[in-house]
Amino acid sequence: MSNTSENPKPSSSSAKMTLKTSDNELFEVEEAVAMKFCTVKQYFEDEKDSDVAARGSTTVIPLPNVHSAVLATLISYGKKLPQSNAVADNHEEEETKKKERKKYEQGLLKNLMPGELLDLISAANYLDFKEGLEFFNQALADHIQNKSVEYVRKFFGIKNDYEPHEEEKYREEYAWAFEGVDED
Amino acid sequence: MEGGMDFLNCLDLDMSLQILMYLKDPSDLARVSSVSRSWRDFVIANGLFKQLCLRMFPQLSRVARVMELNKCGAKEPVEVGSSYSTEWESLARNHRVYATLARVCTSFLPEDCISKAISASSTDNYPEESIENTLRPADIVPHRPLYWSSKGQKNPAVPETLIYKLKSEFCVITEIKIRPFEAYFQPGSPIYSAKSVRFQMGHPKSPNDLGSRLLGDPLPSADDTFIWTYTSPEFPMAQESCLQKFTLPEPVLCIGGILQIELLGRVQTQEVDGLFYICMSYVRVMGRPLSPALRVEILEPSGTFVLKKDMQGKFHTQPGLPENEAREIPNDRWQRRIRYLQHFVDILQGNANVVEIEEYESGEEEDEAEEEYPL
């Protein structure tokens with residue numbers, strides 16, 4: 001789980017934290033990444049206040065609502081985000097990182113089942129992981145935006161409970177909405 | 001595979017709403033409503049079309065209620081029954097009306113929405129330099145430059161305003177185009193532009209106030225006659241006599257059909273009297289009139305309004321033509337202008353007779369005080 005950044009980090013950010021998932025798996029995560037999960041950050045700060053323990057102590061933070069597979073993905077995504085404490089890159093390095101991130105994001109979404117996507121959204125919400133939530137919410141919305149009704153039904157497994165004449169009437173009234181969508 | 005991938009069921013309400021807020025195109029929301037009855041009910045119950053419209057047009061925050069008018073223009077009967085069904089019917093009505101509004105405001109060819117000129121804050125020579133002149137591109141009336149001129153002022157900070165009535169009391173406006181006037185018959189061809197410009201939209205306090213008045217008389221107090229519900233940012237104006245485009249940061253709903261152009265800061269003095277003037281030759285307000293299919297009724301004094309959808313009403317027919325009238329001055333006009341100027345030069349140099357003016361009649365435009373210059 002080594003960080004790919006070449007730049008020397010300021011001392012405090014090498015600290016790690018341990019997160020425990022609902023299926024009792026332990027994940028060691030760098031503080032910088034874990035702090036993007038605001039729920040974790042809050043827990044950690046509460047702990048710190050009450051304990052006066054040194055930073056980077058071996059507190060295990062329980063996440064009973066998050067499964068390991070989901071957490072792994074969220075951590076992986078969190079690492080790819082620009083780190084707030086990293087030394088500023090020059091423009092070229094920044095561009096390269098952006099491209100890498102785009103590629104990673106595309107790969108991530110490509111094989112994502114709707115159920116997994118929903119789990120990621122729920123977990124990101126629970127963890128208060130703003131960037132992750134935005135990313136996965138948008139990914140979900142992308143399966144609706146400009147997609148045909150048939151595609152949406154199929155992707156989300158929705159049963160069409162309209163009466164045929166009812167549906168036809170609706171489609172007539174809103175004919176303008178049905179032009180030019182991806183059938184996919 | 002679980003049946004629970006329907007995110008509207010799986011995720012909590014806030015999250016589902018957040019996701020659906022990513023859909024900015026009304027077509028997406030309309031299709032979401034046709035996926036299934038429960039999806040449609042979700043969209044209706046949470047007023048998603050209304051939310052979409054409110055995000056696009058904050059001016060809608062003052063909607064008091066929504067009405068649908070049937071064939072005879074009568075209000076659809078309110079359902080007598082349980083309060084639940086009345087409330088549902090109201091939500092369903094909102095759904096239909098706001099869907100229509102969202103659709104027509106996001107998919108149209110902009111056209112000029114000015115119906116007529118109402119008033120200018122001052123006019124130098126009425127009617128020759130009336131605000132009426134800004135409604136026509138200059139070339140329509142040959143041999144005579146058409147423009148509005150303010151009165152002269154010593155202080156360049158004195159602003160001017162031009163007020164117009166739009167084709168409908170309910171319009172969506174995207175941009176305003178203005179061409180400052182260049183007095184090419186004055187030495188140096190001064191351009192009487194303004195430093196910057198700002199736009200306001202609103203409605204008359206009382207519909208009867210506009211009545212019959214000479215356009216030459218400014219309204220006693222425009223701010224007392226109209227209520228402005230939208231003010232645009234200030235746009236710098238170029239000192240050029242081309243048709244300048246001022247695109248609003250977002251399309252705006254003009255509720256009440258009145259638009260005011262504020263011309264801020266004078267830049268050009270007239271050589272003859274040393275006073276600062278502002279003159280504009282052409283104004284266009286681009287957007288789409290929404291009546292008769294969608295209308296508003298303003299409820300004074302609250303300033304709220306009723307949004308009405310006429311089930312049988314059609315939309316103002318779109319012209320369908322590319323807008324090509326309001327371009328910069330075409331070539332042949334330049335030619336005429338150059339010949340005219342050349343002729344004057346010839347007169348000054350004693351090379352020509354006054355009677356030989358080919359394009360312009362000698363006496364005509366020299367009667368406006370502003371245009372004279374010593375020969």
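**Close-up views of chains A and B**

**View 1. Helix H6(A) meets helix H2(B) in a right-handed crossing.** (A crossing is right-handed if the near helix is turned clockwise from the far one by less than a right angle, and left-handed if anticlockwise.) This is a predicted model, in which local features need pLDDT of at least 70 and side-chain atom pairs count only at pLDDT 80 or more, while totals for chains, interfaces and linings use all residues. Residues are numbered from 1 along each chain as its sequence is written, chains are lettered from A and ligands numbered from 1 in the order in which they are written, and side-chain values use heavy atoms, leaving out hydrogens and water. On the H6(A) side, A:Leu133, A:Asn137, A:Leu140 and A:Ala141 make the contact, and B:Met15, B:Gln18 and B:Ile19 do so on the H2(B) side; contact means heavy atoms within 4.5 Å.

**View 2. Three strands of chain B form an open, mixed sheet, in the order S1-S16-S15.** Helices (H or I, at least four residues) and strands (E, at least two) are DSSP runs numbered from the N terminus, and two strands pair if DSSP finds at least two bridges between them. S1 (63-69) and S15 (294-299) stand at the edges with a single partner strand each, so one side of each has no neighbour in the sheet. On average, neighbouring strands are turned by 20° against each other, direction ignored. S15(B) pairs with S16(B), residues 304-310, in the antiparallel sense over 6 bridges. Look for B:Glu297, whose bridge partner in S16(B) is B:Val306. Helix H6 of chain B (residues 83-106) packs on the sheet and touches S1, S15 and S16, its direction making about 95° with that of S1(B).

**View 3. B:Thr134 sits in the loop between strands S3 (114-120) and S4 (148-149) of chain B.** This threonine is buried, at a relative accessible area of 0%; buried means under 20% (1.4 Å probe, protein chains only). The side chain of B:Thr134 reaches the backbone oxygen of B:Ile131 at 2.6 Å. Leaving aside neighbours within four places in sequence, B:Thr134 is in contact with B:Trp148, B:Tyr164, B:Met280, B:Ser281, B:Tyr282 and B:Val283.

Key:
Axes are lines fitted to C-alpha atoms, for helices over the stretch in contact, and angles run from 0 to 180 degrees between N-to-C directions. Buried means under 20% relative accessible area, exposed over 50%, partly exposed in between (1.4 Å probe, protein chains only). A polar contact is a pair of N or O atoms within 3.5 Å; within protein, one must be able to donate a hydrogen and the other to accept it, and residues adjacent in sequence count only if both atoms are side-chain atoms.
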